[in-house]
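Thanks for coming, everyone. Let me put the model on the screen, and then we'll walk through it.

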Amino acid sequence: MPENPYSKQHNQQFRGPSDSGAFNETSENNYRDLVYLYNKANEIDVDMSAKYSAVMKDTYSLSQEIEAIRLELASLSPSSEVHYTSPSQKDDSRFDGGSYEVTAPLSFDGRFGTYGLPKIDAFSISRLTFTNAEGDSDVPASLNMVVEVEGASVEADADVEVSTSSIYEAVINKAGSVWERNVIVDDNSSYAQLDLMLNLPVDLTSTDNINTVELIPFPMYGIDVLGVYLSSEVSPNLSRTGTTWVPLNKNDNYLNDPEAVGSLPPGAWSGDEILSSAPLSFVIPNEKATAIRITLRQNSAYNTTKNGVTPKAIYSYGLSHLDVRYDRFEESGKVIFKLEPKDAETISSIDSVTPYIYNVEQAALNNVFSYRVIWETSNDSGTYTLTSVPSSSKAWLEVTLVKDSEGNFPVLNGFKITYS
Amino acid sequence: MTDTYTGEINPAFARSKNLIEPLYQRSRSGYRSPVSSESMNLESGLKTVDIEKLYGLYLDLKTKLQYQLDNIYNDGMNDIPGLSTPVETLAQQRQKLSTIRKAIGKMK
């Protein structure tokens, strides 16, 4: 298979002599190029279809396995407890048209598995990208991004080989685009760590506020997110020490609470680092910001034999999604979850409801979260009441989230219910 | 039932059955003989059609790749090709794993 075309450029003189051998050769080469290109296109098409089908079948099997694990997990929960384990527990539509109908449903974000206040899409904007005339996500020229490696990591060695895709791949909202940074070193006994710093373009929007930072680590569940910070300096210096960086969790909320780790923006207190991070979305009260800093670490390396000679270790890390947003939300919203006790038990009363909300300090939870329990008057009757019905096979939890006077936009990560 | 496989199942061989011939026809010029403008024009026209078709194929492949990536990652409407079994996207699975991990943490 040729990597270069068969056809070659022939520089003929104007009205100069040309021999038939050259003409025939050109003609033959054009033909061979066309045959090659047609068949290469055909081959790629066949390959893509076959591999897509295989990937989808593998993906299907994986999702079945995840669902089996979820069901197994639900069955392992302590007796008299119901945990939130899946969005399939959401059961709003059953109440449509009735007195418990949800008219302002909470926004469920499938990427992060969270429920937030209803988002007003028309007034919600990215502070990093815009949509161009073709409808594609585009990055303004004024978006500057800087990577600064951490002094003790393998990246700091001047001789280290780094191979990276464009950092803007993390920001462009396109399926499959990934900012992937590969650090190639001799052994895998250390770690790679960097700070990604970016300014927030001021030519995109008329606001200098932000309230949401979204990031999806790459590889998924494969790297640690050690810190997320913002700067509000007018002309921030995009370096670790050149600017005052404030943790997104600036009030040290949930200090030393291990259960909150993973849902809190890290970098505020020792021990809040998110190891093997899941996709993350941090919603904070509106805050003026001019720059963002994110600290990423890769502790494990792939091993390889480069050029078949010297074994190498590759620390691979990056982001498949990064957005900093200023979203607008409704004042309140609701969602209803179905509660089913396990092993054919029954529910007669709900004893406690613990919401998992970590972007509002614990003392203020009562201002942003409330609930009601809805019961069916008798099994499968289709009529509902707020009065508890003993020995019910199921019940429903209606959750209401409200924006509070401090400007908090509560986000629900899950809940635990105890019943008897 | 027994399926017997021979070397013919080789993917490269299977693909070669789908060879496409271009429209472009080679017109050969004899030694020092003139080439008619008619045959040169015909050749040039067919070559242009072939190049346009190839460009179309390139765009089709590009679109198809993006469609497949969208389906795998975050479209949420993907089926296994030729079947009607819905498949969860990677984004949905990531989210499920995240929820499961959080739930395990709470049960400890």
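What is the strand order in the open sheet of five strands in chain A? The order is β7-β10-β15-β12-β13, and the pairing is antiparallel. Two strands pair here if DSSP finds at least two bridges between them. Helices (H or I, at least four residues) and strands (E, at least two) are DSSP runs, numbered from the N terminus.

Some ground rules before going on. This is a predicted model: local features need pLDDT of at least 70, side-chain atom pairs count only at pLDDT 80 or more, and totals for chains, interfaces and linings use all residues. Residues are numbered from 1 along each chain as its sequence is written, chains are lettered from A and ligands numbered from 1 in the order in which they are written, and side-chain values use heavy atoms, with hydrogens and water left out.

Look at A:L230: it stands opposite A:I292 in β15(A). Next, a charge over a ring: A:R293 lies over the face of A:Y229, at 4.3 Å from the ring centre. The criterion is NZ of Lys or CZ of Arg within 6 Å of the ring centre and within 35 degrees of the ring normal.

Now strand β9 (residues 179-185) of chain A. Six of its seven residues are buried, so β9 is largely enclosed by the rest of the structure. Buried means under 20% relative accessible area, exposed over 50%, and partly exposed in between (1.4 Å probe, protein chains only). Which strands does β9(A) pair with? One is β8 (residues 161-164) of chain A, antiparallel, through four bridges. There, A:S163 stands opposite A:N182. Another is β17 (residues 310-326) of chain A, also antiparallel, through seven bridges. In that pairing A:V185 faces A:A313.

Next, a three-strand open sheet. The order is β2-β3-β23 in chain A, antiparallel. β2 and β23 (411-412) stand at the edges with a single partner strand each, so one side of each is left without a neighbour in the sheet. Two bridges join β3 (residues 114-116) to β23(A). A:G116 has A:V411 as its bridge partner.

On to the aromatics. How many aromatic pairs does the structure hold over all chains? There are 14. The rule: rings of Phe, Tyr and Trp (its six-membered ring) pair if their centres lie within 6.5 Å; planes under 30 degrees apart count as stacked, over 60 as edge-to-face, and the rest as tilted. Take A:Y84 and A:F415, a tilted pair at 5.7 Å centre to centre, with 50 degrees between the planes. A:Y84 lies in the loop between β1 (81-83) and β2 (107-109) and A:F415 in β24 (residues 414-419), all in chain A, so the pair ties together parts that are 331 residues apart in sequence. Both A:Y84 and A:F415 are buried. A:F108 and A:Y115 have ring centres 4.8 Å apart and planes at 40 degrees, so that pair is tilted too. A:F108 is partly exposed at 31% relative accessible area, whereas A:Y115 is buried at 1%. Ring pairs link A:Y84, A:F108, A:Y115, A:F337 and A:F415 into a cluster.

Two charged residues now. A:R127 sits in the loop between β4 (125-126) and β5 (130-131) of chain A. A:R127 is buried yet has no salt bridge. A salt bridge is a side-chain nitrogen of Lys or Arg within 4 Å of a carboxyl oxygen of Asp or Glu. The nearest side chain of opposite charge is A:D208, at 6.1 Å. For charges, Lys and Arg count as positive, Asp and Glu as negative; His and the chain ends are not counted. A:R127 does make a side-chain polar contact of 3.5 Å with A:T205. A polar contact is a pair of N or O atoms within 3.5 Å; within protein, one must be able to donate a hydrogen and the other to accept it, and residues adjacent in sequence count only if both atoms are side-chain atoms.

A:E376 is buried, at 4% relative accessible area. Its side chain reaches the backbone nitrogen of A:G382 at 3.1 Å. The backbone nitrogen of A:D380 also lies 3.1 Å from a polar atom of that side chain.

Last, chain B. Three helices, zero strands. The pattern along the sequence is α-α-α. Of its 108 residues, 24% count as buried.
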